[in-house]
Amino acid sequence: MRMRKKEWARPELAACPYYVKEPSAMRGQWRSFFKKDQPIFLDLGCGKCEFLRKAAHRHPEVNFIGIDQSDDVLGVGRRLIEETYGQAPVDNIALFAGNIEQLARFFDPEKEKCARIYINFCNPWPKARHHKRRLTHPQQLEKYRDLLEEKGEIWFKTDNDDLFLATLRYMKEAGFAVYRSTRDLHGENDPENAWSEHEILFSRQGIPIKALKARMAERPPREEPADASPAEETSPAEETSPAEREEEE
């Protein structure tokens with residue numbers, strides 16, 4: 001369900017120096033937005049920024065861009081970021097509200113490349129006719145390739161078994177080499193893992209977290225994905241917000 005509207009979110013975001021109200025105006029200029037010129041990591045569907053705030057605070061040598069469809073959710077995220085950074089300046093984070101289907105509006109692949117993309121707990125879209133909406137579907141992965149550096153990576157986490165298995169296949173179809181995968185992320189105690197809000201929720205329910213890390217490889221010959229069909233819907237991809245899967249607050 002969608003998060004209840006928060007009247008305070010937009011005014012607070014408007015006063016936030018790392019919130020970008022018009023992200024399309026930054027197309028091709030993201031490196032100049034940050035205080036330091038350093039690698040850029042994208043967090044697609046950053047939600048309340050539970051993951052983003054931890055990862056960015058842990059890695060000041062990286063610039064993070066968090067994208068979510070909801071200003072209300074990003075408003076909560078901004079408060080959590082401020083809580084994490086305390087009195088320290090937040091100079092390696094940028095936030096904006098936007099639709100992942102329209103990434104080309106916000107980024108110019110000729111002028112800026114990302115070193116890594118995070119996709120955490122996206123909507124699994126379980127029905128076959130909805131699979132093209134998955135953020136890890138080959139049609140979406142093809143778009144991410146344009147934004148990634150030559151050895152750029154995608155890090156993915158989910159609670160959903162079917163989506164995890166499908167994503168392993170999707171990665172191969174789109175020319176990504178999976179170099180690490182696990183069906184029990186917490187059992188392996190990955191020191192690089194930063195927990196997201198859904199990761200906390202599912203772990204408390206005893207649901208194992210599935211995860212993979214993949215990097216770009218040679219693009220394979222184009223062919224129709226195995227799960228595609230003429231009747232499959234082609235409506236836009238999910239617009240990112242993991243908060244839509246939560247109970248209304």
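This is a predicted model: local features need pLDDT of at least 70, side-chain atom pairs count only at pLDDT 80 or more; totals for chains, interfaces and linings use all residues.
Student: How many residues of the lining of the largest cavity are nonpolar, how many polar and how many charged?
Tutor: A cavity is a set of points on a 1 Å grid over the protein atoms alone where a 1.4 Å probe fits but cannot get out, and lining residues have an atom within 4 Å of a point. Ala, Val, Leu, Ile, Met, Phe, Trp, Tyr, Cys and Pro count as nonpolar, Asp, Glu, Lys and Arg as charged, and the others, Gly among them, as polar. The lining of the largest cavity divides into 9 nonpolar, 4 polar and 6 charged residues.

Student: Which residues lie nearest the centre of the largest cavity?
Tutor: Residues are numbered from 1 along each chain as its sequence is written, and side-chain values use heavy atoms, leaving out hydrogens and water. Helix 3, strand 4, strand 5 (148-158), strand 6 (176-182) and strand 7 (210-216) each supply at least two lining residues; helices (H or I, at least four residues) and strands (E, at least two) are DSSP runs, numbered from the N terminus. Among the 19 lining residues, those nearest the centre are Trp155, Asp190, Glu192, Asn193 and Lys213.

Student: Which residue forms a salt bridge with Glu50?
Tutor: A salt bridge requires a side-chain nitrogen of Lys or Arg within 4 Å of a carboxyl oxygen of Asp or Glu, and the structure holds 19 of them. The closest N and O atoms are 2.9 Å apart, and the partner is Arg53.

Student: How many residues apart in sequence are the parts that Lys143 and Glu101 tie together?
Tutor: Their side chains meet in a salt bridge at 3.0 Å, N to O. Lys143 belongs to helix 6 (residues 138-147) and Glu101 to the loop between strand 3 (93-97) and helix 5 (103-106), so the linked parts have a sequence separation of 42 residues.

Student: Is Arg134 buried or exposed?
Tutor: Arg134 forms a salt bridge with Asp162 (2.8 Å, N to O). Asp162 lies in helix 7 (residues 161-173) and Arg134 in the loop between strand 4 (114-120) and helix 6, so the pair ties together parts 28 residues apart in sequence. Buried means under 20% relative accessible area, exposed over 50%, and partly exposed in between (1.4 Å probe, protein chains only). Asp162, at 44%, is partly exposed, whereas Arg134, at 0%, is buried.

Student: Why is helix 6 described as largely enclosed by the rest of the structure?
Tutor: The buried residues of helix 6 include Pro138, Leu141, Tyr144 and Leu147, together with the charged Glu142 and Arg145. Helix 6 is largely enclosed because its buried residues number 7 of 10.

Student: Where is Asn189 found?
Tutor: Asn189 has a positive phi near 55° although it is other than glycine. Most residues other than glycine have a negative phi. At 62% relative accessibility, Asn189 counts as exposed. It lies in the loop between helix 8 (185-188) and helix 9 (197-204).

Student: Over which residues is the pLDDT below 50?
Tutor: The mean pLDDT of the protein chain is 89, and 87% of its residues reach 70 or more. The stretch with pLDDT below 50 comprises residues 228-249.

Key:
pLDDT is the predictor's confidence in each residue, from 0 to 100. Contact means heavy atoms within 4.5 Å. On a 1 Å grid over the protein atoms alone, a cavity is a set of points where a 1.4 Å probe fits but cannot get out, and a pocket is an open set with protein on both sides within 12 Å along at least five of seven lines; lining residues have an atom within 4 Å of a point.
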